[in-house]
Amino acid sequence: MSKTHKRILKSGASGVVASVIDLSMLLLMVELFEVQLALAVFLCASAGAVASFLVNKYWAFGDRSPFSMTQVLTFALVALGSSLGLSLIVQLLSVGAGVPYLASKAIGALLLFVAWTYPAQSRLVFANGLKA
């Protein structure tokens, strides 16, 4: 398997790790600790984003460059683009085509990962890791 294919798989796995962290924390915060829903969603999504950034930077892309706010902000913009794109795809598939929303989200996440998230992360966010 090529380095690129391994990096793509690792980057995809980082998304799974981030999602598990996000959803696990959300269940605990809402169900066990009774944290207000909007606050819990924000905190858990933020924790997932931090996990995704760190796992991608150090494991998937092997980027050992110094931590920088520019890189964090670029990552945040890529993530925002992914969120907006996913919202649009889920809306089109679920409301427009009648696909169940969880299936729509899975389809959208996969399409966006291939077409936007991974390419943007490899070219804009973690390019230093590709040079190593």
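Reply: In this predicted model, Val50, Leu54, Tyr58, Phe67, Met69 and Leu73 make a nonpolar surface patch of about 610 Å². Such a patch joins nonpolar side chains (Val, Leu, Ile, Met, Phe, Trp, Tyr) within 5 Å, each residue having over 30% relative accessible area and no salt bridge, and the areas come from the Shrake-Rupley method with a 1.4 Å probe, where only the protein chains shown count as cover. Helix H2 (37-60) and helix H3 (69-97) each supply at least two of the patch residues, and H2 gives the most, with three; helices here are DSSP runs (H or I, at least four residues) numbered from the N terminus. Leu73, found in helix H3, counts as exposed because its relative accessible area is 52%, where exposed means over 50%, buried under 20% and partly exposed in between.

Phe67 of the patch also belongs to a cluster in which ring pairs link Phe53, Phe61, Phe67, Phe75, Phe113, Tyr118 and Phe126. Rings of Phe, Tyr and Trp (its six-membered ring) pair if their centres lie within 6.5 Å, and they are called stacked when the planes are under 30 degrees apart, edge-to-face when over 60, and tilted otherwise. The count by this rule comes to seven aromatic pairs. One of them is the stacked pair of Phe61 and Phe126, with 5.0 Å from centre to centre and 20° between the planes. This pair links distant parts of the chain, since Phe61 sits in the loop between H2 and H3 while Phe126, 65 residues away, sits in the loop between helix H4 (101-125) and H5. Both Phe61 and Phe126 are buried.

Gly62 also lies in the loop between H2 and H3, and it is partly exposed because its relative accessible area is 25%. Side chains of opposite charge can pair when their charged atoms come close. Here Lys57 and Asp63 meet in a salt bridge at 3.6 Å, N to O, which is the one salt bridge in the structure; the term needs a side-chain nitrogen of Lys or Arg within 4 Å of a carboxyl oxygen of Asp or Glu. Lys57 counts as buried because its relative accessibility is 0%, and Asp63 counts as buried because its relative accessibility is 0%.

The C-alpha atom of Gly62 is 9.0 Å from that of Arg7, although the two are 55 residues apart along the chain. Arg7 is one of the buried residues of H1, together with Ser11, Ser14, Ala18 and Met29. Just after H1, Glu34 takes a positive phi of about 55°, although it is not a glycine, and Glu34 counts as exposed because its relative accessibility is 69%.

How far may these details be trusted? The chain averages a pLDDT of 91, and 97% of the residues score at least 70, pLDDT being the predictor's confidence in each residue, from 0 to 100.

Residues are numbered from 1 along each chain as its sequence is written, and side-chain values use heavy atoms, with hydrogens and water left out. Because the model is predicted, local features need pLDDT of at least 70 and side-chain atom pairs count only at pLDDT 80 or more, whereas totals for chains, interfaces and linings use all residues.

Methods:
Patch = residues over 30% accessible without salt bridge, like charges linked within 9 Å, V, L, I, M, F, W, Y side chains within 5 Å. Buried < 20%, exposed > 50% of the residue type's maximum accessible area, 1.4 Å probe, protein only.
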